Amino acid sequence: MAAANRESNTRSGKPAGKEPQPLVIAKTAAEEQRLKLERLMRNPDKPVPIPERPKEWNPRAPPEFVRDVMGSSAGAGSGEFHVYRHLRRREYQRQECMDTMSEKQKLDKEYQEKLQKNNEATAEKTAKRRKKRQKLKEKKLMAQKAKLQEGEDGDGDSGSNSASSSDKVPRKEDDDDAEEPSFVMGGR
C-alpha cells in the first residue's frame, strides 16, 4: 500500500522525499521580498521568469469617413445615445493619449538639451583647466632652463677653476627646490 502511495506521488510530479514547507505569511514588504528571494535561491539552476515590458497603449486611429452621423433631430432611437457616448469616450482617450505623447516628447527633448549643455560646460571647464596646467608646465620648464643657463654662465666666469668646476657634480639643491621630507620611509 505504501509503495502504491509513493508511486502515485512520483507520477503527480512531487518528489517522494520532499516534505511540505510550512506556510509563512509575510507581515511586511521586506519580509515578503526576503521570502521570494529564498524561494528563488532554493533552486539556482531554475531560470527566473522576467516579465517583458508592457507595450505602450495606442488608441485606434479615427475613422476616415463617418457614415451614420447622429444629429440632434428627432427620430434617433434610444440605443443611439450609447453609440454616441462610446464614440465620444474613444475620442477623448485618443486626445488624452496624444497630449501625453507630446508631453513626453517635450520632456525628452528638454532632457537631451540639458545633457548637451552639461557636456559642453564640462568640456569647456576641462579645456580651461588643461590650458592652465599647460601654462604652469611651460613656466616650470622656462624656470629650469633659466636656472641651467644661469649655472652655465656662472661656471664660465670663474676661469681659474675650470678643471675643478667640470669635475663638480650638480648638487641636489640646484635641481630640486622642493622641501626635504619630514620623515623617511623604509626604515632608514
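Reply: Contact here means heavy atoms within 4.5 Å. The model is predicted, so local features need pLDDT of at least 70 and side-chain atom pairs count only at pLDDT 80 or more, while totals for chains, interfaces and linings use all residues. Residues are numbered from 1 along each chain as its sequence is written, and side-chain values use heavy atoms, with hydrogens and water left out.

Start with Pro 59. Which residues does Pro 59 touch, leaving aside those up to four places away in sequence? They are Arg 94 and Cys 97. Pro 59 sits in the loop that runs between helix H2 (29-42) and helix H3 (80-157). Helices are DSSP runs of H or I with at least four residues, strands are runs of E with at least two, and both are numbered from the N terminus. Pro 59 has a relative accessible area of 23%, so it is partly exposed. That class lies between buried (under 20%) and exposed (over 50%), with a 1.4 Å probe and protein chains only.

Look next at Glu 96. Glu 96 belongs to helix H3. Its relative accessible area is 54%, so it counts as exposed.

Now turn to Arg 94, one of the residues that Pro 59 touches. Arg 94 is also in helix H3. Is Arg 94 buried or exposed? Its relative accessible area is 17%, so it is buried. Setting aside residues up to four places away in sequence, Arg 94 touches Pro 59, Arg 60 and Pro 62.

Arg 94 has a charged partner as well. It makes a salt bridge with Glu 91, and the closest N and O atoms are 2.7 Å apart. A salt bridge needs a side-chain nitrogen of Lys or Arg within 4 Å of a carboxyl oxygen of Asp or Glu. Arg 94 and Glu 91 are three residues apart in helix H3, so about one helical turn separates them. Glu 91 is partly exposed, at 27% relative accessible area.

Back in the loop, Glu 56 also pairs with a residue of the helix. Glu 56 and Lys 104 form a salt bridge, with 3.4 Å between the closest N and O atoms. Lys 104 is in helix H3 and Glu 56 is in the loop between H2 and H3, so the pair ties together parts 48 residues apart in sequence. Both ends are partly exposed: Lys 104 has a relative accessible area of 44%, and Glu 56 has 47%.

Glu 38 is partly exposed at 37%, and so is Arg 34 at 41%. The search of the whole structure finds four salt bridges.

Next, the surface patches. Their residues have over 30% relative accessible area and no salt bridge; like charges are joined within 9 Å, and nonpolar side chains (Val, Leu, Ile, Met, Phe, Trp, Tyr) within 5 Å. Glu 96 returns here, in a negative patch with Asp 99, Glu 103, Glu 110 and Glu 113. A patch of positive charge gathers Lys 125, Lys 128, Arg 129, Arg 130, Lys 132 and Arg 133. Of these, Arg 133 lies in helix H3 and is exposed, at 53% relative accessibility. For charge, Lys and Arg count as positive, Asp and Glu as negative, and His and the chain ends are left out. Each charge is placed at NZ of Lys, CZ of Arg, CG of Asp or CD of Glu.

A nonpolar patch is made of Leu 37, Leu 40, Met 41, Val 48 and Ile 50, with about 530 Å² of accessible area together. Met 41 is part of helix H2 and is exposed, at 58% relative accessibility.

Finally, the whole protein. How many helices and strands does it have? There are five helices and zero strands. Of its 188 residues, 2% are buried. The accessible surface is about 19200 Å², and carbon and sulfur atoms account for 53% of that. Such areas come from the Shrake-Rupley method with a 1.4 Å probe; for residues, only the protein chains shown count as cover.
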